[in-house]
Amino acid sequence: MNFSQIIKYVLLLVLCFQAQLVSAQYSPYFQNYSLSEYNTGNQNWDVSRAENGKLYVANNDGLLEYDGLAESEFANR
């Protein structure tokens with residue numbers, strides 16, 4: 001094995017490790033909430049995202065609207 005082949009293998013290994021590090025940066029963030037934090041119905045029926053980016057969740061207690069920072073509840077009456 002000559003010097004140029006060794007350099008090629010080393011570069012290949014570096015690229016493989018770099019690709020693994022870059023892909024790990026884009027993993028999504030998930031936040032789990034307990035029932036006391038969620039403070040609404042514990043069974044969700046549907047989740048939908050509107051064109052404006054807001055998330056809507058239909059559950060036993062009504063409709064929840066989440067904009068990424070705060071949630072609003074529209075209760076069943």
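Predicted model: local features only at pLDDT ≥ 70, side-chain atom pairs only at ≥ 80, totals over all residues.
I take helices (H or I, at least four residues) and strands (E, at least two) as DSSP runs, numbered from the N terminus. Residues are numbered from 1 along each chain as its sequence is written, and side-chain values use heavy atoms, with hydrogens and water left out.

**Entry: the chain**

I looked up the elements and found two helices and four strands. Along the sequence they follow the pattern α-α-β-β-β-β. The chain has 77 residues, and 10% of them are buried (under 20% relative accessible area; exposed is over 50%, partly exposed in between; 1.4 Å probe, protein chains only).

**Entry: the hairpin**

I turned to strand S2 (residues 55-59) and strand S3 (residues 62-66), which pair in the antiparallel sense over five bridges. Pairing requires that DSSP finds at least two bridges between the strands. S2 and S3 form a hairpin, and two residues lie between them.

**Entry: Glu 65**

I found Glu 65 in strand S3, with Tyr 56 standing opposite. Is Glu 65 buried or exposed? Glu 65 counts as buried because its relative accessibility is 14%. I then listed its contacts (heavy atoms within 4.5 Å). Beyond neighbours within four places in sequence, Glu 65 touches Lys 54, Leu 55, Tyr 56, Ala 70, Glu 71, Ser 72 and Phe 74. For Leu 55 I noted 10 residues of separation in sequence and 5.8 Å in space from Glu 65, C-alpha to C-alpha.

**Entry: the largest pocket**

I looked up the largest pocket, which holds about 420 Å³ of space. A pocket here is an open set of points on a 1 Å grid over the protein atoms alone, where a 1.4 Å probe fits, with protein on both sides within 12 Å along at least five of seven lines; lining residues have an atom within 4 Å of a point. Its volume is the space filled by probe spheres set on the points, which are joined across faces, edges and corners. Helix H2 (35-38), strand S1 (44-49), S2 and S3 each give two or more residues to the lining. Among the lining residues I noted Tyr 33, Tyr 38, Val 57, Leu 64 and Glu 71. By class I recorded seven nonpolar, three polar and two charged residues (Ala, Val, Leu, Ile, Met, Phe, Trp, Tyr, Cys and Pro are nonpolar; Asp, Glu, Lys and Arg charged; the others, Gly among them, polar).
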